[in-house]
Structures are given as structure tokens and as C-alpha cells.
Amino acid sequence: MTPSPADPVDRSDDRTTAYAHPERLVSTDWLAGQIAAGATGPGRAVVVLESDEDVLLYETGHLPTALKLDWHQDLNDPLTRDYVAADQFARLMTARGVGRDTTVVVYGDKSNWWAAYALWVLSLFGHPDVRLLDGGRALWVAEGRELTRDVPDVPQAGDDAAYPLVTREDAPIRAFKDDVLAHLGKPLVDVRSPGEYSGELLHMPDYPQEGAVRGGHIPGAKSVPWARAAAEDGRFRSREELEAIYLTEQGLSPEEDVVAYCRIGERSSHTWFVLTHLLGFEHVRNYDGSWTEWGNAVRVPIEK
Amino acid sequence: MPDSLADIAADFREASPQERLQLLLEFSDELPELPERYAGHLDRLEQVHECQSPLFLLVEVGGEPGLAAGDQRVDLFFSAPPEAPTTRGFAGILREGLDGHTVTEVLGTPDDAPMSFALAEVVSPLRLRGMVAMLSRIKRQTALKSRAAEPPSAGTG
């Protein structure tokens, strides 16, 4: 049975429907069904985008009909440390055959870190229907599903199919340094590794030193490494398991304002997704300046 | 820099941005496996932490009798997982360009050689730092190992 792309929710899996916003997540089965039914690809109802840490991974083989969206090359402004503006974003989407009413499914490597980051940036532009592929690239590969090196053609978009100019709305889901200073005393989640949280490491284990001159964490932040939300197969943990971590153990509650941060905002996008879409928190912001800003800022408080 | 590396750099510079990525992918695909003596012994290699993905490398410097230290042959070995094609591509370029060259040629490779492949605009300058770090480790290992192979000289130790 081929699921209808019009159905906003992947109902093939009870685990998925238990989440607060199940329409934000699709299973590999659901996506494989859409691909087989010809519903995916540039200009179609569903556009699949791959967003990886490794910029060349897409070229080694990707999901059929998928196009690449690179966090660094595409989503970041090349000059200012910020995301692209409305016109650049519209060009990016149009070049991938995405319209405002397209269902966008994002997937990627590293348990969807960068895919979650791309989804969050699409959310800054209020793209109505953007979802993650649960389990990401690794699960698709582990299940022995098809990969291809064929890059789909993108049909020339007429003016009516072009992505509209939409002003980015940062405030609801993005926190800046001053917002975090004003937020001190309220819940903060540090999703980095324990060594980075304690200040013993200035970067991720096995990763480059990215130039933070101070180690530690933002005062009052709870340490919940992002990977705790991921199961062994790379999918998200069940709602029950996630509630046990974030609600019971950490004492967070869905109506509170929460700010999540990491090093540059990619791992915390993963946690932002978990809190917002899987657990239904109403006001979570991702502080993308994160430790590469806080650990270098003058006179901001730090706890070790 | 050695002609072989300069030729690769010229190929990259003459290619369109999309072709550059394809070229990098070819270097990634063609990076040879570790020889038997190192396979499964990553602890004998040096990890380059500046790379985003685990990359291990090792330099061997020849000990040909009668050859000056600077004329000894350098062999390069790399290991990086298939899910890190960019890192593998960088390694592939450096191997193709420097493997089999002399100590003097390897040490004479400018530290900023990775910037001459016009890759910054297609992979981002941030990611290129991994290649810069690989080259510096290669040169450091080459210098150390060629000094170790030299007969001890009087005075400086």
C-alpha cells in the first residue's frame, strides 16, 4: 500500500504517532513508498534534501530524487556570521524545486545533526511543512535501501512556482547572546559532551579546536548530551524514553522557556527538534552562537 | 611544490565548481587501502584531530644507503572511513601529489599549498583546515623521521 503524500502524518508506526507533532517525522518505509510512487523530486509534492557534515557525502550516493543542501555553503551567509537572507533563501529553494507548499524531507549523516540544523533554518523562514527522516542516512544505508549518484534535473520554475521572498523570523526559535543573558536563571540545556560542559575540553572530542578561549558552560545550564535522544539505530528515542530524560530526570516542563546550545548550534538543533516537535515544548530557542561565541565573549558569566 | 601536486592543483583550478567536487570524489574513491602491515593497526598511525572525521596518517622515510637524507624517498599512508569522502579526497590529493617524492621535495611543499586547489569555495574554508593540518603532520613526520635516519652529527643533538 502506498501512503498518500496528502496524508500529513506517517501513520505506519505507532512510535511516531505518539510524538507531540508526528507530522514532523517520517520513517524510511514511508519515504521509500513516496519515492517508489513517484511523489518525490524537484517540483513534486515531496522534495527530499540531504544535509551532511561532509560536503561530499551526497556525491558518493544519495536517496533517489534527493538534492543536496549544505549547511555551510548554502545556509550560512558567506560574510556575516548569520544565515542567508530572504532572497538567497528563495533562490536556494527554487533551485531545488521547492515551493512554499512543498513537503520537504531532510535527512543526513551523524544522526541528522545537520539535517536538524537545516530543518531549523527552514523553520526560521516559516516553511510550513518540513520533516526529518527518522534514522537519517545511516538507517537508510543500514536497511540496504537504494542509493544513487544520479542528480535529478530541476525543472525551470515559472514565476508562480518560484519560492516567495519570506522574511526570516528569528525571535521565536533563535536566541542571541543578549537573549541568553536575559534568560539566565531560566532553563538552559547544554547538549555538548560532558568534557566540554565541565570545561576540561574546549572542543568536541576528536574534533578541531574551534577557538574558544574559555571552557565551561553557561551558568545554570543542565548537561544533556544531544545523543541521549538518539537510539542505537540512529532514530529518535520513543516519547516515553525522551520524557524520562528531559521531564523526569532534568525537571524541564513543556510550558517553560528553554534555550539549547552547543558549539555552533548544530547539535542543539537536534535537541531543539526533540523538545519542540517530539515533546511539544512551546517555547524553545536554539542559541546558535553557542560556545564559539560565549566562550570568547568578554565578561559573560561562566560556570565550571 | 612538486610538479605532481602542482598539476593536480591546476586541474582543480581549471575545473568548474561542480567538476571540482567530482574530481575530489575521484580522489576519495581512489584512496588506496592501508597495506597489510598497517591494516588494523591504526594505533601505529597518527590521528589528525583537525579533520572533521577520523583521519589517520603515517609517513615512511626510506633508508637507502649512500643517499643523502634529503634525497630519501617518502611514502605516505592514510586511513579514513568511506562516510568521510571529503577527508578521503584531501588525503588522496596529498598522496597522489607527494607519495614517492624525496624528503627535500616534501619538506619544500608550501604550508598553504591546500589553498591552491580552488576548493575553499566548494567545500568551505573551515573544512579545508583539515587538509592544511594533514600537510603539516606529513611534513612534521617527514622531518622527524629523516632526522632520525641521519647519522648523528657532532654538536647539535
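Q: Why is Glu241(A) called partly exposed?
A: Its relative accessible area is 36%. Buried means under 20%, exposed over 50%, and partly exposed in between, with a 1.4 Å probe and protein chains only. The value of 36% falls in the middle class, so Glu241(A) is partly exposed. This is a predicted model, where local features need pLDDT of at least 70, side-chain atom pairs count only at pLDDT 80 or more, and totals for chains, interfaces and linings use all residues. Residues are numbered from 1 along each chain as its sequence is written, chains are lettered from A and ligands numbered from 1 in the order in which they are written, and side-chain values use heavy atoms, with hydrogens and water left out.

Q: What makes Glu241(A) and Arg237(A) a salt bridge?
A: The closest N and O atoms of Glu241(A) and Arg237(A) are 4.0 Å apart. A salt bridge is a side-chain nitrogen of Lys or Arg within 4 Å of a carboxyl oxygen of Asp or Glu. The pair therefore meets the rule. Over all chains, the search of the whole structure finds 31 salt bridges.

Q: Why does the salt bridge of Asp70(A) and Arg127(B) join two chains?
A: The N to O distance in this salt bridge is 3.0 Å. Asp70(A) lies in the loop between β3 (67–68) and α4 (71–75) of chain A, while Arg127(B) lies in helix α6 (residues 125–149) of chain B, so the pair joins two chains. Helices (H or I, at least four residues) and strands (E, at least two) are DSSP runs, numbered from the N terminus.

Q: How do you know whether Asp70(A) is buried or exposed?
A: Asp70(A) has a relative accessible area of 2%, so it is buried.

Q: How do you know that chain B and chain A are in contact?
A: 26 residues of chain B are in contact with 20 residues of chain A. Contact means heavy atoms within 4.5 Å. The two chains bury about 1,800 Å² between them, 51% of it on carbon and sulfur atoms. Buried area is the accessible area (1.4 Å probe) that two parts lose on being put together, summed over both.

Q: What does the rule find across this interface, and which parts of chain B take part?
A: There are two salt bridges across the interface of chain B and chain A. α2, α3 (85–98), α5 (120–123) and α6 of chain B each supply at least two residues of the side that touches chain A. The largest share of that side, six residues, comes from α2(B). Arg149(A) and Asp29(B) also meet in a salt bridge, at 3.2 Å from N to O.

Q: Why is β2(A) described as largely enclosed by the rest of the structure?
A: Strand β2 (residues 46–50) of chain A has five of its five residues buried, so it is largely enclosed. Both of its faces are covered: Val46(A), Val48(A) and Glu50(A) are buried on one side, and Val47(A) and Leu49(A) on the other.

Q: What makes β2(A) and β4(A) a pair of strands?
A: Five bridges join β2(A) to strand β4 (residues 103–107) of chain A, and the two run parallel. Strands pair if DSSP finds at least two bridges between them, so the pairing holds. One of the bridges has Leu49(A) and Val106(A) as partners. β2(A) also pairs with β3(A), in the parallel sense, over two bridges. There, Glu50(A) has Lys68(A) as its bridge partner.

Q: Why is Thr102(A) called buried?
A: Thr102(A) has a relative accessible area of 5%, so it is buried. Its place is in the loop between α5 (86–94) and β4 of chain A. Leaving out residues up to four places away in sequence, Thr102(A) touches several others, including Arg44(A), Val46(A) and His127(A).
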